[in-house]
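Visitor: I have a structure to go through. Could we talk it over piece by piece?

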Amino acid sequence: MNKIKLTIDGKVVSGYPNQTILEVASDNGIDIPHLCYHPKLSKSGQCRLCVVRVGGKMLKASCTEFAMDGMDVVTEDEGIIAARKLVLGLLLQEGNHNCLYCEANGECELQRYCRMYQMEEPSRQIPFHEREVDYASSNALRRNENVCILCGRCVRACGELQVSNIWGFAERGHRTHLIADDDRRIGESNCVKCGTCVQLCPTGALSFQQVLGRGLNWELSKESSICIYCGVGCKIDFYTNPQGQLVKTMGNDEGPNKGQLCVKGRFGFDFTQSPKRLSKPLVRKDGVLSEVSWKEALDFVAAGLTKIKEEHGPDAIAGLSSAKCTNEENYLMQKFMRAVIGTNNVDHCARL
Amino acid sequence: MTNSIGEVPLSEGYLVIGSNTTENHPVIGSMIKGQVQNRGKKLIVVDPRQIELSQLADYYFPINPGTNIAILNGFMHVIIKENLYNRQFVEARCEGFEEMAKTLEKYTPEYVANICGIDKPDDIVGAARLMASLKPMALYYSMGITQFVSGVNGVKSTANLQMLLGNMGVEGGGVNPLRGQNNVQGACDMGALPATYPAYQPVASEENREKYEKAWGAKGLSTKPGLTVVEMMNAAHAGDVKALYCMGENPVMSDPNQEHVIEALKNLDLFVVQDIFLTETAQYADVVLPSCSFLEKAGTATNTERRVQPMHHVLKPWPGAKDDWWIIEEIANRMGAGWTYKKPADIFEEIRKVTPSYAGITYGRIEKEAIQWPCPTESHPGTQVLHRESFGRGKGLFTAIEYTPPYEETDSEYPLVLTTGRILQHFHTGTMTRNSRILDETVPEGWVEIHPNDASNFNFGDGEVISVSTRRGSIRIRTRVVERSKPGVIFLPFHFYESCANRLTVDCLDPVCKIPEYKVCSCKVEKISA
């Protein structure tokens with residue numbers, strides 16, 4: 001495809017004719033404020049925060065306006081700032097935003113732009129419509145529509161990425177609100193709890209129920225690993241609080257899952273911090289499993305295997321390795337059975 | 001998988017057979033669903049039980065359990081008869097076509113429909129024509145193909161079909177088995193199998209024996225292939241296997257014929273279990289060794305598309321628990337091995353030396369790149385699509401395969417067919433998911449899915465606790481009366497120890513790969529009188 005050249009903020013940049021202004025800008029390291037746009041979703045042009053000036057005249061929504069050869073784009077001037085502040089001001093008036101009570105505090109996109117444009121508390125000239133708060137119907141998702149900006153990212157995420165089509169908008173104008181299925185609460189809908197909508201929500205309108213720990217978003221530490229469940233091998237970012245408790249998981253965009261997760265990858269990890277976890281080796285004494293030291297347990301196993309090998313030969317011993325363990329551990333298990341015990345009696349649950 | 005997850009959008013259509021993708025591999029399920037629903041791609045689903053994907057399918061075949069080979073043969077019969085196959089691919093890249101075509105002659109749509117319990121034989125013709133028009137079509141399967149006494153033949157049949165259509169070695173095509181555990185691919189690659197060293201090198205070969213004796217500094221490696229999981233249990237039951245070292249597995253829940261497994265484990269002189277919980281299996285152990293969970297580990301895991309990915313320490317080790325590799329090394333060294341691995345990276349460096357397909361993969365590279373084996377050198381980018389130029393053996397071999405029925409047929413005493421599987425919210429034996437609060441709350445107990453006709457015949461209500469029995473055992477379980485499987489077929493998820501499906505399943509095996517027939521056995525259902 002032929003490349004096109006255009007000017008953004010006085011800088012000549014190149015892009016492709018099927019790209020929007022926002023996409024070309026983003027590829028060239030120029031950040032245009034946006035809320036309803038998300039690179040994984042179709043474009044809706046709803047929020048109008050991404051307006052830019054094209055050809056020195058018109059304000060256009062850069063997320064839906066295609067880039068054209070020779071275009072001259074300005075991403076911020078006085079008029080644009082005024083337009084964006086108007087948009088933000090209306091969003092603030094329409095909702096009830098108090099960051100103190102909000103899960104998204106510290107990572108909220110609306111909060112970020114409000115700080116960027118030094119927004120002040122709204123004057124409440126527009127009548128405020130209380131919308132639904134549903135923290136209870138689902139054991140996985142929480143919804144507070146009073147901080148919803150109706151960007152529709154959740155609706156598109158559910159329809160385009162998870163393809164469950166649970167979320168939708170009902171009614172029009174200032175009565176517009178989010179519904180699940182045919183006007184049910186989320187907990188009573190066919191939602192499969194994948195959490196993709198929460199991951200893509202720009203504010204705290206959708207959030208996760210608490211799994212284990214809590215924490216301020218800026219205090220959480222993040223580390224990636226691979227999901228323990230099926231063979232897709234989803235890459236997950238795990239968030240832990242300063243106390244070392246798991247708080248939440250987010251799909252990592254670099255994995256084969258491209259950021260998506262299922263209900264197990266999203267919520268199936270608190271078993272790792274279950275009080276039922278084993279913490280002492282056990283050896284059966286007089287018919288009862290009794291706590292012993294690591295040294296005693298390991299000596300017992302080594303002596304027992306040695307004795308059976310000597311008395312009955314290596315093929316009287318078998319080993320079960322695990323599809324839940326790492327490559328390194330599986331390699332070592334088969335090496336142990338083959339090189340140390342001397343048998344090929346090693347298998348795992350591949351067939352089960 | 002011969003191909004890659006990222007290629008889902010490149011297919012023109014999909015044949016999903018024996019895979020409840022949206023529940024068992026949900027992220028891939030969503031990708032396929034998105035292409036079908038939002039991009040108009042075509043979908044053919046073959047499954048005895050209605051699944052989410054079957055509702056979106058252009059053709060859906062609710063076959064009798066255990067008749068995959070018949071319907072695949074039926075599709076191929078039509079494709080050959082109507083000359084819709086990829087002649088160029090078949091002539092240039094494959095062999096054995098004539099013999100297979102001869103075998104397929106009798107698999108007419110009517111003959112196949114009769115075996116599979118399909119009402120409209122014409123649909124087999126329609127679906128075959130559609131498949132031939134999809135260039136390329138990807139085939140996805142899972143345990144609904146393999147867990148039969150004819151499992152190996154089922155897999156070969158999927159390969160037959162995709163070679164016939166010329167869908168091998170091309171992006172968006174392929175035979176794509178979806179592996180059920182996060183590192184089942186890696187465990188196989190690493191040689192945690194009774195007949196092969198790492199990278200599937202046979203243990204029976206003298207040459208391989210010498211190679212590994214040299215690499216490991218070991219003497220007298222055995223060239224006799226070992227026992228598979230179910231054979232180990234049989235040998236323990238017979239008293240031939242005296243000791244079992246079980247790392248991170250739960251055979252009491254996961255192996256077929258639970259009563260037999262428990263007897264086998266009780267018969268052992270030494271039973272060592274290494275796990276994170278006191279599982280159903282660990283309760284029979286002589287020694288239990290507490291190990292680290294996946295979030296406390298570093299190392300690598302290999303997914304269903306052969307991508308080797310890094311795992312990182314997210315949590316500190318659980319107090320008192322140790323890394324699995326550390327425990328194995330401690331036992332090995334007490335038995336005189338003299339190993340000196342200090343960290344997983346030391347082990348991985350050795351893996352690279354003895355596993356040709358992993359030779360080019362390093363910890364440094366996989367932090368930055370997505371690498372799929374085979375990756376023979378550090379400058380090799382990895383392999384996204386297998387069999388591009390030629391197959392592993394040179395030419396792709398068509399295998400003439402006859403349909404064979406499942407091991408256990410229904411009779412007057414056990415009149416229903418029982419099939420088992422997984423559900424979205426739980427995983428395998430439930431050790432992890434049933435200890436995860438939100439998942440456990442969402443689905444707290446098992447159920448048996450039964451068709452309204454059967455429920456009416458036996459006078460069962462929805463939600464009633466009934467008894468389900470086979471020749472091996474009996475369980476009590478709540479019904480879900482729902483039209484998903486056909487009348488005469490009941491479905492049971494196997495995650496729940498209170499209503500353990502594997503008390504019922506049959507431990508007969510595929511003669512080649514020794515996979516048990518979890519997907520079909522005959523059973524009876526009875527009302528429990530108050």
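Visitor: Is the crossing of α4(B) and α8(B) left-handed or right-handed?
Guide: The crossing of α4(B) and α8(B) is right-handed, meaning that the near helix is turned clockwise from the far one by less than a right angle. This is a predicted model, in which local features need pLDDT of at least 70 and side-chain atom pairs count only at pLDDT 80 or more, while totals for chains, interfaces and linings use all residues. Residues are numbered from 1 along each chain as its sequence is written, with chains lettered from A and ligands numbered from 1 in the order in which they are written.

Visitor: At what angle do the axes of α4 and α8 of chain B cross?
Guide: Roughly 70 degrees, and the axes of α4 (residues 68–81) and α8 (residues 121–133) of chain B come within 9 Å. The two helices, α4(B) and α8(B), are therefore roughly perpendicular to each other (65 to 115 degrees).

Visitor: Which residues in α4(B) meet α8(B)?
Guide: B:Gly74, B:Phe75, B:Val78 and B:Ile79 do; their partners in α8(B) include B:Ile124, B:Ala128 and B:Met131. Contact requires C-beta atoms, placed from the backbone, within 7 Å.

Visitor: And how many helices and strands are there in chain B?
Guide: Chain B has 20 helices and 20 strands, taken as DSSP runs (helices H or I, at least four residues; strands E, at least two) and numbered from the N terminus.

Visitor: Changing topic: what is the strand order of the open sheet in chain A?
Guide: The order is β6-β7-β10, with antiparallel pairing. Three bridges join β7 (residues 141–144) of chain A to β10(A), and A:Arg143 has A:Leu206 in β10(A) as its bridge partner. Pairing requires at least two DSSP bridges between two strands.

Key:
Axes fitted to C-alpha atoms, helices over the stretch in contact; angles between N-to-C directions. Parallel < 35°, antiparallel > 145°, perpendicular 65-115°, else oblique. Contact = placed C-beta atoms within 7 Å.
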